[in-house]
Amino acid sequence: MSAFAITNIFLVFGLILNGCNGFSHRGYKLYEITPESLEDAEYLHAFSNEKFDFWREGQRLGEPTDIMVAPEDQQEFEQKLANRGMKYQVVVEDVESILQQEKFERSMARSALGPGSVTFTNYMLLEEQMAYLRRLAQDYPNNVTVESIGQSHEGRDILILKLSSGSSGTSSPKPAIFIDAGIHCREWIAPPVALYAIQQLVENTANAALYANVDWYIVPNLNPDGYQYTTTVNRLWRKNRRLTDGAECYGTDLNRNFGYQWMVGGASSNPCSETFAGPSEFSEPEARAMRDFILDHKDNIKLYVSFHSFGELLLYPWSYAPLLPDNTEELYAVGLRSVQAIEAASVIGSEYTVNNSAIGLYVAAGVTTDWVKAEAGVDLSYIFELPNGDAPWWFMLPARQIRPVVEETWAGIRALYEYVEENYKVYHVTPNTLEQAKILNAYHYEEKFDFWEESHLLGDPSDIMVAPEDQPAFERNLTRNLFDYSIVIDNVERLIQQEKIERSMTRTMLAPGQVTFSSFMRHSEVIQHMAYLRRLAADYPNIATVEKIGESYEGRDILMLKQIGGLLFRISSGPSETSTPKPGILIDAGIHCREWIAPPVALYIIQQLVQNSANAHMYANVDWYIVPNLNPDGYEFTQSNNRLWRKNRRLTEGAQCIGTDLNRNFGYYWMHAGASQDSCSEIYAGPEAFSEPESQAIRDWVLANGENLQLYLSFHSYGEMMLYPWGYAPELPENHEDLHYVGQLAATAIDQASTINSQYRVNSSAILLYEAAGGSDDWVKAEGKVDLSYCVELPDGDAPFFFMIPARQILPAVRETFEGVKAFHAYIEENFWTNQELKYKVYEVVPMTKKQTDIVHTLSEDPKYDFWREGRIVGKPSQIMVAPEDQGGFEENLSRNGLGYAVVAEDVEEVLRQEKIERSLTRSGLSIGDVTFSSFMLYNEQMAYVRRLATDYPDITTLELIGQSYEGRDILALKISSGESETAVAKPTILIDAGIHCREWIAPTVALYILYQLVQNSSNAALYQNVDWVIAPNMNPDGYEYTQRTNRIWRKNRRLSDGATCYGTDLNRNFGYFWMHAGASNNSCLNTYAGPEAFSEPESRALRNMVQNHLENARLYLTFHSYGEYLLYPWGYAVVYPDNAEELQSLGNLAAEAIASASTIGSSYLVANSAAALYAAAGASDDWVKSVGVELAYTVELPDGDSPYAFMIPARQILTVDRETWEGVKVFHSYIEEKFWTNVNPRGPLKSLKVLSGRPIL
């Protein structure tokens, strides 16, 4: 390198360090003073109007003030403080030294910028800033305009960047946001913040939506002369550069020069003061330039932001005095959201305060924010005092921290934008006290609050949409009354736009007469042109009829499909051929028109009934009447104008607002509760009952045709609720148990079919949701005389959009709902199609002699008879279910052999129905992964709990997939262990299974309770320290599911063996030890069918896998069954005793005693050999497990509680049985630990075995 080049480098470096003819602050000091009284603070504040430069002014006692003083003024300054007795310290001895340090850091970070480039790693020169703006205008001419709004005193252009997507397309201009920066020119971080906002808006395509509906006006440097001066002469210059006529010193503080309350306070008339306000308001060209532009655009500017530094403050008017504007709540709330966004994004620990300017900083009249709010009418007006990072020199933020500051501030700008752009928000509010519930309910009657979902149950949330102008007061009221709340949708308009985009992506053109479930159809496609419904009626004239039941206010047909008989759609196989009329089902949808998922559900039901021949049986004995869209005017309006419209479209005479809530307009307890007489309310009930043509249409049809209606379903959205009357008040109709039971049937069917995790709740409308008089379901039940009447609140899918379920989830929602409709149909057909009234019975037979016992056992081998209980001992009763056609021969056989009997169940279906009702009353919705012992859980719920335990307790649990059922369900086992043994002696293992016989529902609950006690009850941790556990809570998931949804008394699995007549194998006859030796059948229709060969079934093979995987250390096997209160040990294939029968007998006695001692229901277990106590049954799991080497194996036949019906223990006694059985399990554990864990108690005589003697019971 040449000497000339080296010399030039040092010359440039020196110029950077020293400035070109720069002003030196050599000898300037920075003082820190902390006033101790209000008088001291006022005394100090008066200095701000003199020659002293305030870098920071404390706002409260105890907060320091920092003041820079020139060398020639320091003696005077210190004397003034001494006269007042005020203490101080010099925190910077030489200000020039810190300025040189800052210059050096900048020089090290600085690199040459290409023309029109931008950087956020160093401070840009003024010409670089302006070049960047001009380059953007050239590169993005469609959206960006750069123009000069005026010139500075020294003739520099004051450039503004305008960003817009174009005209709003309406008579209303788009809202705009105005941003300025650099008004105080030494606050160098302010312009980069504005420039970063520009870069993100213009050059980051991901932010294009931010100027779709909002225009932006940004002035990145409002004081160009001053900024230029700070970069070339005096780094600490604050004002502009105009010399006022006759003034001694240059410059005016532009942020004291604006014409609202000018010079009222916090400003100086001294030209040498840093807060000099100028000779008059708007005396400065920079202030006038901004004034003129804002006044020209004041009609659409909705937000004003001015960036300053430093202090981490967000300040709103007023600044001229400690007074609050009318919209203080809004200013504070919006500001708070902005700073919360900043703090969440901050990597430098920024902690902002939101406050009124005069209160949070100091009084300062003539500032931009006051003038913009007062004179330009911009309600939202803010000053940001940006951070100073980690440097102790206040507004001189280090260049290395420019990017963190601009990035975090951008998050705050976005939060402000979101408020301007969308306004409407949805709040999730949870009342936890009665008083809170009352407060929330009162909002329901105010027109400005739109309840998307409301519940008056404590702890149950409501979702409420609130307009922007009402949000601050709303939030303040919630906070004041200690509500739990969150904002679940912070931008309703954006949500609607997202939905439109998704709909446009899924939408395809429909040919006349087609239907789709991949996008939402327009009303005209479905009903106005009657294409699909009329096509069905034309193509299927023998079963389908369309009729018009009325017209909407705007003249659209209200159609009904009749499946047969009604623009109603009727579906029917024709009139009944008997004297018994066929029952009818009435369905409507779309009464609330914004709930778009409801009409597709009705259309899917129509499609499945008419076009899917597999469902033809559903209209053989039941007629269907379906109205797919009861509010066509409203539906069209949601499609074309207002997505959130809910009511119909008729303007009531004399009303202020259009529309009536049709579901408040029906004439039963009209206007009693939960309805409004304010026409602008979403729940306006109309001027009188049935004032609306749409509600009249349903009323008139029901009254004329409803004689045989047995079920009414009205589809709404959202909430996953099956609601029945009454809605007008929290009262229950006489048949509420039936309503709950049938609703639960449908809800369970939906939940089981759901692929979108729907979990329905069932209850009365007023209890589960809210009081709402004038609802269609109340009127149809009370006046239409339809006993079973429901409002079905459909799911919202996987998006938090409430009733705006994504189009991609229409098909999953309609499919699962149809499963619920099928459950409703099955109940209606079974209970109201009365051509047959034959009933299954259950007989209790007590053999009194050995011969009679053998006769009863012979009956068990006849497939016509289903033994619910078999007593093989003289005097022990058997319970036998017999079909209607076999009852005569059965009773004759008993009488012929002198066998006494009693009919304990005249109608098995009624027994099952009563059990279902009790279950439905005890059942409540479970969160995924929860467990309950107050009702019988579904298989999916059981497995979700097992998986949750494995996830939440990974240190002690291991999930094992031991196999799959025939229908593909996972068979899971959970291992509980403290870890591997630390000695040469392996820990013993206890194996447990349940649910082999799937109708014995109590068994899986016991296994789950054992899991619960071991894993979640820390007081039982000792039970898995020295003993491992492996527990499979449901070995027959297919059968269990089948008992839940189809046949409660099913016992076997669900595989149809090759060549077999009937489904299923008795899994407890399918194990490979003495298979088919005795007590098992090769008749596939018998409940004891052993399968075509040993281990033919995937479920028995799964248990085999589990045992073999843990066989080396397995010492005890328990399999839970029901019922009888037996502890049975091998062998079961014949009355043969194993070698350790005495040990099995005595250990069983100990467990039985523990259960009896704990029992509150009088349980008294018999401990015995299986074949001796009950009957020979070969191929059982306990025989096989013992045969492969597990010494101790038991079948535990659990109690049936106080139920007279064998294995159907009442749900209310689940926990009782689980608790007492757990006591027996703990006895088994103690014995296993003592006998087989030899690290603690080496092998030898066992104290606990001193009672393990005596002969087995024969």
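Helices (H or I, at least four residues) and strands (E, at least two) are taken here as DSSP runs and numbered from the N terminus. The structure is a predicted model, in which local features need pLDDT of at least 70 and side-chain atom pairs count only at pLDDT 80 or more, while totals for chains, interfaces and linings use all residues. Residues are numbered from 1 along each chain as its sequence is written, and side-chain values use heavy atoms, with hydrogens and water left out.

The description may begin with a sheet. Four strands form an open sheet in the order β2-β3-β1-β4, with antiparallel pairing; two strands count as paired if DSSP finds at least two bridges between them. Because β2 (53–56) and β4 (88–92) stand at the edges with a single partner strand each, one side of each is left without a neighbour in the sheet. From one strand to the next, the twist averages 35 degrees. Strand β1 (residues 29–33) is joined by five bridges to the antiparallel strand β3 (residues 65–69), and Glu32 stands opposite Asp66 in β3. Helix α3 (residues 74–84) lies across β1, β3 and β4 and runs at about 5 degrees to β1, where axes are lines fitted to C-alpha atoms, for helices over the stretch in contact, and angles run from 0 to 180 degrees between N-to-C directions.

Glu154 is located in the loop between β5 (144–151) and β6 (157–163). Glu154 counts as partly exposed because its relative accessibility is 43%, given that buried means under 20% relative accessible area, exposed over 50%, and partly exposed in between (1.4 Å probe, protein chains only). Apart from neighbours within four places in sequence, Glu154 is in contact (heavy atoms within 4.5 Å) with Asp225 and Arg241. Glu154 and Arg241 are 87 residues apart in sequence, yet their C-alpha atoms are 7.7 Å apart in space.

A nonpolar core is a set of buried Ala, Val, Leu, Ile, Met, Phe, Trp, Tyr and Cys residues joined through side-chain atoms within 4.5 Å. The largest such core has 66 residues, of which Ile605, Trp624, Ile626, Leu713, Phe715, Met722 and Tyr790 touch the most other members. A second, separate core of 64 residues includes Ala950, Leu972, Ala994 and Leu1147.

The model also contains cavities, a cavity being a set of points, on a 1 Å grid over the protein atoms alone, where a 1.4 Å probe fits but cannot get out; lining residues have an atom within 4 Å of a point. The largest cavity is lined by 31 residues, of which His592, Arg664, Leu769, Tyr770 and Glu793 lie nearest its centre. Strand β14 gives the largest share of this lining, five residues.

Terms used: On a 1 Å grid over the protein atoms alone, a cavity is a set of points where a 1.4 Å probe fits but cannot get out, and a pocket is an open set with protein on both sides within 12 Å along at least five of seven lines; lining residues have an atom within 4 Å of a point.
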